[in-house]
Amino acid sequence: MTDSTDKLFNPGDYFTYVLDQEIRNAGMPGGYCGFALQLAEAPDLSGLQRRLDLLVERFPQASAVIQPRGKRFAWVATGNPIPLELHQCQSSADEADETQRLLLEIFNRPESRPLTVHWIAGADGGTLLLIWLHPLLDARGCKILLDFLSAERPESFKESPSLIEAKLAQWSFWKKLQLFFKAKRHNTAANSLDSCLPTQVEQGPQVLRLKVQRFDADQSQRIAKLAQQYTGLTGRTLYYLGCFMRAMELVGPPAAKDGYCIPYAFNLRRQNAPTPVFGNHIGCLFARATRQQVRDRNGLFTHLLSEHKQVVRDELDLAYLPLMWLGQWLAPDKYAKVLRKQHSGGELSSLWFSDIGELSWNKKGFLGVPVTNLSLMCWMTLPPGLALLASQLDGKLVLSYSYLSPAIDEAWLDAVIAKMNSELLETPEN
Amino acid sequence: MKEKLKNFIFAELIYHEDPAAFGDDDNLLDAGLDSMGIMRLIMFAEKEFDVTLPDTEIEPDNVGSLNSLENWIRRSGHA
């Protein structure tokens with residue numbers, strides 16, 4: 001029996017919950033993601049707390065707990081407030097280093113709440129850190145949440161039904177079945193190429209670390225131009241993925257196998273829509289290439305783009321939705337195996353990746369304060385133990401690498417990042 | 001044709017407070033049409049209007065506005 005205030009997981013929520021459980025079972029905090037906004041000055045912190053109180057009042061899911069409902073799971077409201085947690089950089093330390101140390105200290109601590117908000121005060125401004133549990137919402141939802149916290153008219157933000165379920169409801173039983181088999185065939189093909197991995201380690205205590213690459217406006221424009229040249233208007237994400245595959249291949253993958261497979265999500269939310277606020281509204285796609293394809297830069301982008309187009313032509317972008325819908329009735333560990341393991345038993349993902357796109361507060365800032373910088377972080381399963389989150393702040397590209405230590409060798413990652421930068425900018429050393 | 005394109009874009013790809021106020025020459029890319037959205041829009045147009053839109057012509061001049069989209073689809077063979 002489900003109480004009327006309970007909110008059952010949608011298929012996307014359950015998909016991310018399965019990964020959250022796997023991360024927790026490996027001794028890490030869970031499927032948490034973080035957005036850290038560096039602000040030029042302290043915002044009105046009491047105003048922010050009032051807005052957090054309004055958030056819980058309007059959207060009780062923000063401080064809910066997860067409980068099983070038969071074979072499924074639901075958010076159950078607690079009414080607990082979300083306190084704005086205050087932290088202070090030590091004045092003696094380098095502020096950027098100290099902020100990063102505090103960010104990671106907070107992000108590494110055990111947590112069960114779905115959403116926490118922190119203000120890390122520096123000498124002038126500071127950093128606002130919003131950490132959320134992935135089953136609660138996706139990255140675009142997090143931007144909506146930040147917009148809600150900063151909005152002049154918060155009443156314009158409304159919840160709406162799951163976009164995945166709305167899409168599924170449009171299709172006949174036969175259409176769902178047809179898409180299900182399409183996705184299954186595609187999945188089998190994805191599983192046929194054993195993936196190179198950034199580590200050979202599969203267990204043991206880990207801490208999450210972060211490396212952030214920020215590109216200036218000129219560099220970002222150059223990368224955008226090159227992305228358009230190589231992958232056209234339809235494939236900016238593919239440019240990042242291709243460059244990363246090449247960087248990893250050129251440095252040498254610690255677990256060398258047949259090729260690379262990087263899953264990437266596409267969002268069913270409409271661009272700029274303030275609704276739905278919560279829930280995961282995502283489908284899944286895969287960028288795959290053999291090691292030989294990766295070694296030929298031009299050929300790689302042609303291959304990735306043509307595969308991407310074929311996938312959309314074949315409706316495979318939507319085909320995973322019926323698969324995710326059925327997955328809701330599998331136990332988390334069973335579903336995780338379907339999601340992550342290849343036929344050979346190895347890990348499918350060479351990397352966790354998300355392209356969050358343009359994040360901008362340039363008109364009015366966040367609560368009236370200019371956002372001067374940004375970094376993103378997320379926990380991931382081991383393997384692969386490495387995640388790349390791409391975003392742009394006011395047109396400037398930011399690449400945030402979250403990685404598990406000691407599983408990922410830091411010197412190796414530094415070399416991959418340097419190679420990635422030169423691949424993105426197509427600098428002469430290529 | 002333009003109406004069908006507009007309905008698809010604002011129902012599936014981009015949020016706009018008042019789609020009726022979005023002009024035929026207004027910039028779709030500035031309004032938030034992203035790479036995945038362009039791809040889905042092209043697939044929709046090919047199916048709906050029974051044309052093949054050449055990959056080499058997927059550029060801002062052809063997908064930047066409702067008018068340019070319509071012109072591109074007509075040039076590509078839709079009567």
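Colleague: Which residues of α6(A) are buried?

Modeller: In this predicted model, the buried residues of α6(A) are A:L179, A:F180, A:A183, A:H186, A:N187 and A:A190.

Colleague: Against which elements do the buried residues of α6(A) pack?

Modeller: They pack against β10 (282-290), α10 (297-313), α11 (316-327) and α12 (332-340) of chain A.

Colleague: What should the 18 residues of helix α6 span?

Modeller: At 1.5 Å a residue, helix α6 (residues 173-190) of chain A should span 26 Å, and its end C-alpha atoms are 26 Å apart, which agrees.

Colleague: Let us turn to strands. In what order do the three strands of the open sheet lie?

Modeller: The order is β1-β4-β3 (chain A), with antiparallel pairing. β1 (7-8) and β3 (65-69) of chain A stand at the edges; each has a single partner strand, so one side of each lacks a neighbour in the sheet.

Colleague: How many bridges join β4(A) to β3(A), and how many join β4(A) to β1(A)?

Modeller: β3(A) pairs with strand β4 (residues 72-76) over five bridges, whereas two bridges join β1(A) to β4(A). A:A74 in β4(A) stands opposite A:Q67 and also opposite A:L8. A:W75 is the bridge partner of A:I66. β3(A) and β4(A) form a hairpin with two residues between them, and A:G70 in the turn has a positive phi of about 65 degrees.

Colleague: Why is β4(A) described as largely enclosed?

Modeller: Five of its five residues are buried, so the rest of the structure largely encloses β4(A). Both faces are covered, with A:R72, A:A74 and A:V76 on one side and A:F73 and A:W75 on the other.

Colleague: Which residues have the most contacts inside the largest nonpolar core?

Modeller: In soluble globular proteins, nonpolar side chains tend to be buried together. Here the largest nonpolar core has 171 residues, and those with the most contacts inside it are A:L55, A:F244 and A:F366. Leaving out residues up to four places away in sequence, A:F244 touches residues including A:I262, A:L351 and A:Y401.

Colleague: Is A:H118 buried or exposed?

Modeller: A:H118, in strand β6 (residues 115-121) of chain A, is buried, with a relative accessible area of 0%. A polar contact of 3.0 Å joins its side chain to that of A:T116.

Notes: Residues numbered from 1 in each chain as written. Chains lettered and ligands numbered in written order. Predicted model: local features only at pLDDT ≥ 70, side-chain atom pairs only at ≥ 80, totals over all residues. Heavy atoms only, no water. Helix = DSSP H or I, 4+ residues; strand = E, 2+ residues; numbered from the N terminus. Buried < 20%, exposed > 50% of the residue type's maximum accessible area, 1.4 Å probe, protein only. Polar contact = N/O pair within 3.5 Å; in protein donor to acceptor, adjacent residues only side chain to side chain. Expected span 1.5 Å × (residues − 1). Contact = heavy atoms within 4.5 Å. Pairing = 2+ DSSP bridges. Core = buried A, V, L, I, M, F, W, Y, C linked by side-chain atoms within 4.5 Å.
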